[in-house]
Amino acid sequence: MQNSAWRLRRATGSIASPGNRAVMMEEVMKKFLLIVLSVAFMSVDAGVIARAEVATLRGANPLDAAAKQFDRRQQETIDGNFKRSWKQQPPTIPHKIEKDEINLQVNTCLRCHGAANYKKEKAPKVGDSHFIAADGTKSDKLDMRRYTCDQCHAPQQKVEPLIGNTFRTVKQ
Ligand code: HEC
Ligand code: HEC
């Protein structure tokens, strides 16, 4: 505290008598309070604006009440592939993946889809694009940006869209 009062005095450039110092401290405190208050008002403003513009998927469900329970739906699986909606879409996964693991030690997806095993496992090989590095160079090793498969490839469920939309599959 002593240290910071000293620093304030240094900043304002006046070395003062005790009376003078009290007046100065009062001025400093006033300015400080003003800054604190205006920052507080600014964040209240921003909060109100943000709330007015961003719609919530949670709807009218209050934050402190339990969220609406959704029916647990079965994952869809088929023999072969699901149709893609457009050419570069990451194909959705047509088989169960509950037992698969992707972490630092293992990636069980690669045991079937990796370049080394796909023929033996009769699985489609990971896309050609998965071997191209960020700088455009091709290699025979999977690019690490593609390591977390389920970041792009997802299993499918038969569900209604959460929000109505006019999306149509590209004609192929
Ligand atoms: C036991 C082997 C095996 C494992 C493990 C496996 N897959 Fe598959 N996967 C297949 C086979 C075989 C197919 C071909 C479709 C079929 O017969 O189910 C396939 C199909 C796919 C397809 C569809 C490809 C297309 O062109 O439509 C995707 C995507 C896929 N798998 C992703 C994954 C991901 C991601 C993982 C890990 C979470 C994984 N797979 C784990 C064997 C496997
Ligand atoms: C960054 C997103 C991304 C990641 C991560 C990713 N993929 Fe893909 N994958 C795609 C896209 C997009 C396609 C379709 C275009 C293509 O073939 O490159 C695809 C295609 C595929 C196909 C079909 C290939 C074909 O020729 O039909 C398989 C199988 C596949 N990926 C498996 C995997 C596996 C297994 C992993 C994890 C090791 C993985 N992918 C990681 C985006 C991704």
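## Burial and overall fold

Of the 172 residues in the protein, 3% count as buried, where buried means that 20 or more other C-beta atoms, placed from the backbone, lie within 10 Å of a residue's own; with 12 or fewer a residue is exposed, and in between it is partly exposed. The model is predicted, so local features need pLDDT of at least 70 and side-chain atom pairs count only at pLDDT 80 or more, while totals for chains, interfaces and linings use all residues. Residues are numbered from 1 along each chain as its sequence is written, with chains lettered from A and ligands numbered from 1 in the order in which they are written.

The protein contains four helices and two strands. Helices (H or I, at least four residues) and strands (E, at least two) are DSSP runs, numbered from the N terminus. Along the sequence they give the pattern α-α-β-α-α-β. Two residues are in contact if their C-beta atoms, placed from the backbone, lie within 7 Å. Among contacts with a separation of 6 or more, 39% join residues 24 or more positions apart.

## Confidence

The predictor's confidence in each residue is its pLDDT, from 0 to 100. The protein averages 81, and 78% of the residues score at least 70. Helix α1 (residues 2–12) has the lowest confidence, with a mean of 46, and α3 has the highest, at 97.

Where pLDDT is low, the predicted coordinates should not be read in detail.

## The two ligands

A residue is near a ligand if its C-beta atom, placed from the backbone, lies within 6 Å of it. Ligand 1 is surrounded by 21 residues, the closest being N81, P91, C109, C112 and C149. Helix α3 (residues 108–113) gives the most to this shell, with five residues. The shell divides into nine nonpolar, six polar and six charged residues. Here Ala, Val, Leu, Ile, Met, Phe, Trp, Tyr, Cys and Pro count as nonpolar, Asp, Glu, Lys and Arg as charged, and the others, Gly among them, as polar.

Around ligand 2 there are 19 residues, and P90, G127, S129, C149 and C152 are the closest. This shell has nine nonpolar, nine polar and one charged residue.

## Residue K122

K122 sits in the loop between α4 (118–121) and β2 (156–157). K122 is not a glycine, yet its phi is positive, about 55°. Most residues other than glycine have a negative phi. K122 counts as exposed because it has 7 C-beta neighbours inside 10 Å.
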